[in-house]
Amino acid sequence: MTVIPKKMKGVYLTGFGGYDKLEYREDIPVPAPKAGEVLVKIGAAAVNNTDINTRIGWYSKNVKTATSVGGTEGYGSDVREDGSWLGLPLEFPRIQGADGCGCIAAVGEGVDEARIGERVLIRNVQELPASERGLECFTHGSECDGTFCEYTTARSEEVFQINSALTDEELAVFPCAYATANNLICRVNINENDRILVTGASGGVGSALVQIAKARGACVIGVCDTGKEDAVRGYGADEIILRGEDYIEKLGEMSVDAVLDMVAGENWKQLLKVLKKGGRLGMCGAIAGPIVEFDVRDMYLKDLSFFGTTYQTRDSMLQLIELIERGRIRPIIAGIYPLKDIVEAQKVFLAKKHVGKIVLKVSEEQVL
């Protein structure tokens, strides 16, 4: 029988702001699963843009800049009222972490005890129980405590069994970035006849987009920094454009069927130019800045379709699990850090010199 301790290691976010708001502790109370919930022992977690965005309050409508601008110090009191992922005040202290791999250590009332011992991934964007449309949702690690700790709770139906020989560190990269990528690809309906452009192709979501689009048979053009070309080609990109190069000069106008973007910023207007008539633009982020120049004529005169995605369907998550178990996609890991070194991990993440994901090792042993 698994012995569950009363206290655990974890990282508290104590307020909106800089790295000083991340407090590593070893005396955090272990949560107890409520009715319908499970308790998951976390083996490893991973760092994502949403962790930085939430820490600094980037989701506030008062913020107009790229994530990196406030990544070190935050944005001060301007974000207090709407700085969370849902645009609401955030409750502190909060344990962040949208990504994680672990095993079920205990179950709450109404959950089959046979689930204890399952190796699992937690869906990071979860539907609110009262949602009727499937779009009312919240993020694990934002509106509730997440995976930057040894134990976390989640509703049983949001915790998915995974059968894989991959390590905890490898599996931890999938729930947030890869689920976001797969859901965007499903929304935009990428298929084998498509030539697509993926911005930010060396990051967590970008590397996932490249792999999943290739698994669907698409021709993929990846945008990345100089020095990252071989890595991006290595996991599937057919062509490379270097960050800062002009998309129109490199590709020509009306040259791609779809664009998958998580960058936005000043080059966003070029994306509409390179899309063919009837093209599709899918967006799931704005790390280079949320405010863009937009000539509406580029949209309606070319019959473009725009897709934004945050909520991830259950079917999309099940598709992702199948891709992992069949070995159709692989984790791209840039570095692994102990949980106590979360500040260093976030500094490396914000420097954007890496390819793939930054992982936090939570447990000393593999949670199998």
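How many residues has the largest nonpolar core, and which of them have the most contacts inside it?

Guide: This is a predicted model, in which local features need pLDDT of at least 70 and side-chain atom pairs count only at pLDDT 80 or more, whereas totals for chains, interfaces and linings use all residues. Residues are numbered from 1 along each chain as its sequence is written, and side-chain values use heavy atoms, with hydrogens and water left out.

The largest nonpolar core has 61 residues, and those with the most contacts inside it are Val40, Phe148, Val159, Leu197, Val259 and Leu360. A nonpolar core is here a set of buried Ala, Val, Leu, Ile, Met, Phe, Trp, Tyr and Cys residues joined through side-chain atoms within 4.5 Å, and buried means under 20% relative accessible area, with exposed over 50% and partly exposed in between (1.4 Å probe, protein chains only). The largest share of this core, five residues, comes from strand S3 (residues 37-46); strands (E, at least two residues) and helices (H or I, at least four) are DSSP runs numbered from the N terminus. A second, separate core of 46 residues includes Cys101, Ile162, Ala237 and Ile324.

With residues up to four places away in sequence not counted, Val259 touches Leu197, Leu271, Val274, Leu275, Arg280, Leu281 and Gly282, contact meaning heavy atoms within 4.5 Å. Strand S14 (residues 256-261) has six of its six residues buried, so S14 is largely enclosed by the rest of the structure. On pairing, which requires that DSSP find at least two bridges between two strands, S14 is joined to strand S15 (residues 275-283) by five bridges in the parallel sense, and the bridge partner of Val259 in S15 is Leu281. S14 also pairs with S11, again parallel, over three bridges, where Val198 has Leu260 of S14 as its bridge partner.

The loop between strand S11 (195-198) and helix H5 (204-215) holds Ser202, which is buried at a relative accessible area of 9%. Leaving aside neighbours within four places in sequence, Ser202 is in contact with Val223, Cys224, Lys228, Val232, Tyr235, His354, Val355 and Gly356.

The buried residues of H1 are Thr50, Asp51, Ile52, Asn53, Thr54, Arg55 and Ile56, and they pack against S1, S2, S3, helix H2 (67-70), helix H4 (174-188) and helix H11 (342-351). Gly57, with a positive phi near 75 degrees, follows H1.

Helix H1 (residues 49-56) also gives the largest share, three residues, of the lining of the largest cavity. A cavity is a set of points on a 1 Å grid over the protein atoms alone where a 1.4 Å probe fits but cannot get out, and lining residues have an atom within 4 Å of a point. The structure holds one cavity of 30 Å³ or more, and the largest has a volume of about 40 Å³, a volume being the space filled by probe spheres set on the points. Its lining is made up of Thr50, Asp51, Thr54, Gln96, Gly97, Ala98, Thr139, His140, Gly141 and Ser142.

Key
On a 1 Å grid over the protein atoms alone, a cavity is a set of points where a 1.4 Å probe fits but cannot get out, and a pocket is an open set with protein on both sides within 12 Å along at least five of seven lines; lining residues have an atom within 4 Å of a point.
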